[in-house]
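Keep the structure open as you read.

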Amino acid sequence: MELSATPRALVELGDIELYDPAAYQTADQHATWRTLRQNAPVWFHDRPGATGFWCVTRHADCETVIKDHQTFSSQEGTILASVGVGDAAGGQTITLMDPPRHGTVRGPTMRALGHAVVRDRAPRIRERVRDLIAPCHDGEQDFARLMRRLPMIIAGELMGVPERYWDDIAIWAAACIAPDDPEYALASTPARTLRIAHHELFACFRELIQDRRRSPRQDLISVLISLDALDDREAPVQDWRILLNCYSFILGANTTTPHVASHTLLALVDRPDVWAQLTTDPAAVAGLVEEGVRWTSPTHHLVRRVTADTSIGGVSIPKGDWVVAWIASANRDSAVFTDPFTFDIHRSPNRHLGFGGGPHYCIGAPSSRLALSILFEELAAAYTRFDRVGPLVHLQSNWINGLVSMPVQGIPRH
Ligand code: HEM
């Protein structure tokens, strides 16, 4: 299924189930989110036998939740799987820290991933993107599988991960976010798959950290090693904290960028007029990437835990409860976006929350914007269009709006 162009009828509140990962594989949840935006914008989702959570679905409310870190904390987990149980890495990684301590990791690492660094690497990224899409010239390709490597072209480079690890890391990262998905099964049960994926990723980063301790370089792993603040100014920083942060960065890149690439190409398959604009108006690519992020909303949700009794939209929410800001819903809110179910690369302003907002606003946004722009410039220059030649397979995940398989055929210009 494509991301629904016209949402189906509203659903009964009593029928809503937003936790089950399998539900996301067969249908998108836009009818449910639209129902909640319209009829119950701050709504408590019960889970029999487990901790329930508040669902916030309007753009304005989602923005409040992700920007107000004092009331809505990231420390105990930021995904649905953490609700009620927390996250073992709470307080230890950039994603799971609140300001002001969060800033001690964010500041130096942001410089290592900033516009200037990324711009310098643009020629190399373009070279690698050309190599990545070269197989499309040979006929049918599974674009979703091809795009697994795209985030490594940016995050792998910037972190200093040798290319020989890239393909394995992409699979381990996917297994970490969707251990239930048969595509990424590394063992007989999701729990074992998760254990193996964590073990492999950590073993790989442990080796790289040891290497950088011996010979520091100009890369993100070396920056993380130099952050005494990670250990409350005890030096040297312990490897396990660096490891957890490497994990955050590699997951941040791998869980999002490939799916924006695939969903955006999918939107273009059905819109030849938009494809044509990309070749005649190079500036259109920037609008395409922004709309691609809004359209895809690769992270369905962001979770926060309430630090003090509060209220949203007049609904009281007690301290200790969990709030889920449904980013995918915010990005289809008609209060902010005209015709939100229309794919419009000229949308301006495009105030999507696809990269989050507030203190945790995506640190990889400059690099992913650049990689996605280069990707679509290169595709539009080399192909007159892409056709779909097989069924789509969606990722089994309540967190990531992912495509596992998307067979396509590119029609080359020459
Ligand atoms: C289109 C691609 C991407 C999208 C849509 C995206 C989306 C997001 C979102 C929604 C957040 C906010 C998380 C929160 O508030 O809890 C975030 C944070 C983050 N992203 Fe991205 N991301 C993308 C690419 C990347 C890349 C390429 C990297 C690594 C180079 C990356 C690394 C991170 C990290 C480390 C954070 C945490 C920042 C912090 O807590 O201060 N992301 N991203």
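A polar contact here is a pair of N or O atoms within 3.5 Å; within protein, one must be able to donate a hydrogen and the other to accept it, and residues adjacent in sequence count only if both atoms are side-chain atoms. By that rule, G252 reaches the ligand through its backbone: an N or O atom there lies 3.4 Å from a ligand nitrogen atom.

This is a predicted model, in which local features need pLDDT of at least 70, side-chain atom pairs count only at pLDDT 80 or more, and totals for chains, interfaces and linings use all residues. Residues are numbered from 1 along each chain as its sequence is written, and side-chain values use heavy atoms, with hydrogens and water left out.

Stay with the ligand. R106 places a polar side-chain atom 2.8 Å from a ligand oxygen. For R304, the distance from a side-chain N or O atom to an oxygen atom of the ligand is 2.7 Å. Both belong to the closest residues, a group that also holds H102, H360 and C362. In total, 27 residues surround the ligand; a residue is counted as near if one of its heavy atoms lies within 4 Å.

What classes of residue make up the shell around the ligand? Twelve are nonpolar, 13 polar and two charged. For this count, Ala, Val, Leu, Ile, Met, Phe, Trp, Tyr, Cys and Pro are nonpolar, Asp, Glu, Lys and Arg are charged, and the others, Gly among them, are polar.

Now see where the shell comes from. Helices (H or I, at least four residues) and strands (E, at least two) are DSSP runs, numbered from the N terminus. Several elements each give at least two residues to the shell: helix 4 (101-112), helix 8 (150-159), helix 12 (239-254), helix 13 (257-269), strand 5 (301-306) and helix 17 (365-382). Helix 12 has the largest share, with three residues.

Buried means under 20% relative accessible area, exposed over 50%, and partly exposed in between (1.4 Å probe, protein chains only).

Step back to the whole protein. It holds 17 helices and twelve strands. The C-alpha trace spans about 60 × 60 × 45 Å along its principal axes. Of the 414 residues, 57% are buried. Contact means heavy atoms within 4.5 Å. Among contacts with a separation of 6 or more, 70% join residues 24 or more positions apart. The accessible surface is about 16700 Å², and carbon and sulfur atoms account for 51% of it; the areas come from the Shrake-Rupley method with a 1.4 Å probe, and for residues only the protein chains shown count as cover.

T310 gives one example of a link across the sequence. This residue sits in strand 6 (residues 310-312) and is partly exposed, at 21% relative accessible area. Not counting residues up to four places away in sequence, T310 touches T71, F72, V315, S316 and I317. F72 is 238 residues away along the chain, yet the two C-alpha atoms are separated by 9.6 Å.

Finish with the backbone. Most residues other than glycine have a negative phi, and most peptide bonds are trans. Some places here depart from that pattern. P99 and P100 are joined by a cis peptide bond, with omega about 5 degrees. P100 lies in the loop between strand 3 (72-73) and helix 4. The bond from S348 to P349 is also cis, with omega near -5 degrees, and P349 is in the loop between helix 16 (327-330) and helix 17.

That loop also holds D339. D339 is not a glycine but has a positive phi of about 45 degrees, and at 52% relative accessibility it counts as exposed. S297, in the loop between helix 15 (284-296) and strand 5, likewise has a positive phi, about 40 degrees. Is S297 buried or exposed? S297 is buried, with a relative accessible area of 1%.
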